[in-house]
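Student: Hi, could you go through this protein with me before class?
Tutor: Gladly, and here it is for us both to look at.

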Amino acid sequence: MKWNSAKSSAVTRNIDIVPAPPLYAHHAKGGTVVLIDVLRFTSTLTTALANGALWAETFADPAEALAKLDEGYIVAGEKNGLVLDGFHYNNSPVSMNRENVGGRKLAFVTTNGTYMRSMIEEYDEIVAGCFLNVSALTERLMQGENDVQLVCSGSRNRLATDDFVFAGMLADRLLQTGRFEYNNDSVPMARTLYHCAKNDLKTFILDHSPKTKPFCETHEHYRNDLDFAMQVDLYDAVPEEESPFKFVLKK
């Protein structure tokens with residue numbers, strides 16, 4: 001299925017969307033992988049690097065991240081939305097200001113985002129995406145030559161509305177250039193959901209995510225993170241892996 005456009009005569013590349021971690025095994029591998037965990041890991045990662053963190057490494061096991069304390073790392077993350085014992089910060093973009101992370105190395109563990117990263121095995125490159133950097137990310141993907149796979153981290157192995165809406169937004173922008181096509185039903189589904197949500201992303205996500213609204217009502221810090229993460233194009237920064245599990249901003 002091809003998105004018809006006469007805007008470009010360049011060779012088209014494929015877009016694929018993985019809606020949730022259990023489906024990753026059933027999708028083709030390789031190309032440029034966009035790791036998506038809007039609430040909250042990729043928003044937190046993007047904010048940290050944009051505010052001067054030297055790099056950020058991801059871990060699936062909290063003990064492995066805590067071991068980095070001896071190397072001067074700041075350790076941040078959560079399990080089930082709550083900060084882990086011994087960690088400096090929660091998985092919060094609000095906490096990733098220049099005063100807290102500028103000039104520092106970070107180690108991250110999160111319920112969904114770093115877990116999803118640990119599952120990704122075959123790729124040409126990995127970058128991180130969220131609403132905060134969507135235009136910079138779109139431009140970065142346009143400059144590449146690879147097929148693009150948008151991998152949603154979801155919520156505890158299930159689809160998450162925020163990730164799927166963002167995947168639809170990014171796919172929509174890429175398809176409008178006429179330089180991409182798709183052959184997977186998840187792409188038009190995500191794109192349709194984005195068009196339903198685009199006039200008020202935050203309200204749509206709160207109204208259509210059974211987990212997000214009640215969690216925001218009982219955890220004020222999470223609502224603050226939601227408000228922050230729903231900002232579009234706050235940063236001109238695209239985290240990408242310099243080596244496996246180590247994200248940087250390349251010059």
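Student: What does the protein average for pLDDT?
Tutor: This is a predicted model, and the protein averages a pLDDT of 92, with 96% of the residues scoring at least 70.

Student: And where does pLDDT stay under 50?
Tutor: That happens over residues 1-9, for which the model still has 18 contacts beyond four places in sequence.

Student: OK, new topic: which residues touch the most other members in the largest nonpolar core?
Tutor: That core has 41 residues, and the ones touching the most other members are Ile17, Val34, Phe131, Leu150, Phe166 and Leu170. Helix 6, which covers residues 161-175, gives the most to this core, with 9 residues. There is also a second, separate core of 22 residues, and Val18, Val33, Ala76 and Ile120 are among them.

Student: What is Phe166 in contact with, leaving aside its neighbours within four places in sequence?
Tutor: Phe166 is then in contact with Ile36, Val38, Gly129, Cys130, Phe131, Val134 and Leu137.

Student: How many cavities of 30 Å³ or more are there?
Tutor: The count comes to 1 cavity of 30 Å³ or more, and about 40 Å³ of space lies in the largest cavity.

Student: What lines the largest cavity?
Tutor: Its lining, by class, has 2 nonpolar, 3 polar and 5 charged residues. The residues that line the largest cavity include Arg13, Glu125, Arg140, Glu145 and Asp147, as well as Leu141 and Val148.

Note on methods: Residues are numbered from 1 along each chain as its sequence is written. This is a predicted model: local features need pLDDT of at least 70, side-chain atom pairs count only at pLDDT 80 or more; totals for chains, interfaces and linings use all residues. Side-chain values use heavy atoms; hydrogens and water are left out. pLDDT is the predictor's confidence in each residue, from 0 to 100. Contact means heavy atoms within 4.5 Å. On a 1 Å grid over the protein atoms alone, a cavity is a set of points where a 1.4 Å probe fits but cannot get out, and a pocket is an open set with protein on both sides within 12 Å along at least five of seven lines; lining residues have an atom within 4 Å of a point. Grid points are joined across faces, edges and corners, and a volume is the space filled by probe spheres set on the points. Ala, Val, Leu, Ile, Met, Phe, Trp, Tyr, Cys and Pro count as nonpolar, Asp, Glu, Lys and Arg as charged, and the others, Gly among them, as polar. A nonpolar core is a set of buried Ala, Val, Leu, Ile, Met, Phe, Trp, Tyr and Cys residues joined through side-chain atoms within 4.5 Å. Buried means under 20% relative accessible area, exposed over 50%, partly exposed in between (1.4 Å probe, protein chains only). Helices (H or I, at least four residues) and strands (E, at least two) are DSSP runs, numbered from the N terminus.
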